[in-house]
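Welcome! Take a moment to look over the structure below, and then we will walk through it together.

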2 protein chains.
Amino acid sequence: MPQRRNRRAQLADAAVEVLARDGGRGLTHRAVDREAGFPEGTTKNYHATRESLLAAVARQLADQHTAAMHRLREQMPDGLGQADVQALYLAMLRRMVTSARSQFLALFELHLEAVRNPQVRTAIGEVALAGADSAVQLHAAVGEPISARGGGLLEAGMLGVAMSMLSLPEDVVGRIGFDDPDPLGRSLLGMAAAAEPADGLLRGRAS
Amino acid sequence: MPQRRNRRAQLADAAVEVLARDGGRGLTHRAVDREAGFPEGTTKNYHATRESLLAAVARQLADQHTAAMHRLREQMPDGLGQADVQALYLAMLRRMVTSARSQFLALFELHLEAVRNPQVRTAIGEVALAGADSAVQLHAAVGEPISARGGGLLEAGMLGVAMSMLSLPEDVVGRIGFDDPDPLGRSLLGMAAAAEPADGLLRGRAS
C-alpha cells in the first residue's frame with residue numbers, strides 16, 4: 001500500500017534503494033527524486049542537506065526496526081522454545097542476504113556514515129539497541145537468558161557475517177563454508193549464549 | 001621510511017586515509033593527490049578511473065594483509081599455546097579500533113564497494129581468505145584446530161564487532177558491554193572453536 005504512506009516515508013524508501021544500489025556516493029537529492037518518481041526538487045524540499053537526508057533514512061530504518069521488534073515480541077505465542085528463537089534468527093540472517101538485501105546494505109552504509117554524522121550515529125544506535133534488547137528479551141522468554149553483551153554480539157555478528165556473504169567472491173564464500181547461512185546463524189547464537197555478562201541497562205531490563 | 005617506498009604505494013596509503021576520513025564519496029583523484037602531497041594529476045596518471053583507484057587500494061590492503069599473516073606464522077616461536085593465540089586476536093581487535101582504525105574503515109568501505117566492483121571483490125576475497133587461513137593454521141599449530149568455517153566466522157565477527165565499536169554512540173556501546181574489546185574477542189574465539197566444520201579447501205590445508 002505505498003500510495004497510503006506519506007511522502008517522507010516514500011522518499012526514505014527510495015533513498016534506501018539508491019544507497020543499496022549505488023552506495024553512499026550515489027545518494028544525491030536528484031537520484032532519490034528519480035527513484036521515487038517525484039519531480040526534481042521534491043527531496044530537496046524535505047531534506048535541505050545530504051546529511052539531513054541520510055539522517056532521515058537512518059531514522060526510518062530505526063523506527064521500522066524498533067516497530068518490527070515490538071510486534072515480534074507482542075505476537076509471540078505462549079509455549080515457544082529455544083528452537084523457535086533459533087529458527088527466527090536463521091530466518092533473519094537468510095532475509096538479510098535475500099529479500100531484505102537493500103535495507104541491509106543501506107544499514108551497512110549508514111554504519112560508515114555514523115562514524116562522521118552524529119544524527120546518523122544516534123539512529124544507528126537505536127537500531128543496534130532495539131536488536132540487542134529484543135535478543136535479550138526473546139531468550140529470556142524461552143528460559144535461556146543471554147547477557148546484554150550476548151545480544152550485542154549477536155547483532156554485530158549478524159552484521160559482519162551478512163556483509164561477508166554479500167561482498168566476498170563466490171569461491172571464497174564456498175571455501176570458508178559461508179554458502180549456507182544456517183550453521184553461521186547457529187554459531188552466532190551459540191556465541192550470544194556463551195558471552196560473558198555485561199552490567200548494562202539491558203541486563204537489568206531483561207532480568 | 002615513506003620516501004623509500006614507491007609512488008604507487010604512497011598513493012594507495014593516501015587513498016586509505018581519504019577513505020577512512022571522508023568515506024567512499026570523498027575518494028576522488030584530487031583528494032588523493034592532496035593527501036599524498038603530490039601535484040594535481042598524479043593519481044589520475046596512475047589510475048585513470050575511480051574504479052581502478054579503488055581496486056589498487058584493495059590490492060594493497062590484500063597484499064599487506066597476506067604478507068603480515070605470512071610473517072606472523074613464520075615468526076611464531078615454538079612452544080606457543082592457546083593463550084598466545086588468544087592474546088594475538090585480542091591485540092588485533094584492539095588495533096582495529098585504535099592505531100589501525102584508518103585501514104579498518106577503508107577495508108569496511110571496500111566491502112561495500114565489492115558488492116558492485118569485481119576487482120575490489122577479488123582483492124577483498126584475498127583479505128578474507130588470508131585471515132581465515134591464518135586463523136586455521138594458528139589454531140592448528142597450538143593443537144586446538146578450528147574449521148575453515150570457524151576461521152571465516154572469526155574474520156566476519158571481528159569485522160562486525162569492530163565496526164559496531166566505531167559506529168555506535170558511546171552510551172549504546174556501554175549498555176551492550178562493547179566498551180571493552182577483550183571479552184568480545186574471547187567470545188569470537190569461542191565461536192570459532194565451536195563452529196561446525198565446513199568441507200572447504202582450507203580445512204584440507206590445515207589438517
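## Domains of chain A

Into which domains is chain A divided? Chain A has domain 1 (1-48) and domain 2 (56-206), with bounds that come from an automatic or database domain assignment. Taken over C-alpha atoms, the centres of these two domains of chain A are separated by 26 Å.

Domain 1 of chain A gives 10 residues to the contact and domain 2 of chain A gives 11 residues; two residues are in contact if their C-beta atoms, placed from the backbone, lie within 7 Å.

## About the model

This is a predicted model, in which local features need pLDDT of at least 70, side-chain atom pairs count only at pLDDT 80 or more, and totals for chains, interfaces and linings use all residues. Residues are numbered from 1 along each chain as its sequence is written, while chains are lettered from A and ligands numbered from 1 in the order in which they are written.

## Where the chains meet

Now for the two chains. In chain A, 53 residues are in contact with 53 residues of chain B. Helix 8 of chain A provides the largest share of the side that touches chain B, 14 residues. Helices here are DSSP runs (H or I, at least four residues), numbered from the N terminus.

## How the copies are related

Chain A is superposed on chain B by a rotation of 180° with 0.0 Å of shift along its axis (RMSD 0.0 Å). The two copies are thus related as by a two-fold rotation axis. The superposition is by least squares on the C-alpha atoms of residues with pLDDT of at least 70 in both.

Methods: Helices (H or I, at least four residues) and strands (E, at least two) are DSSP runs, numbered from the N terminus.
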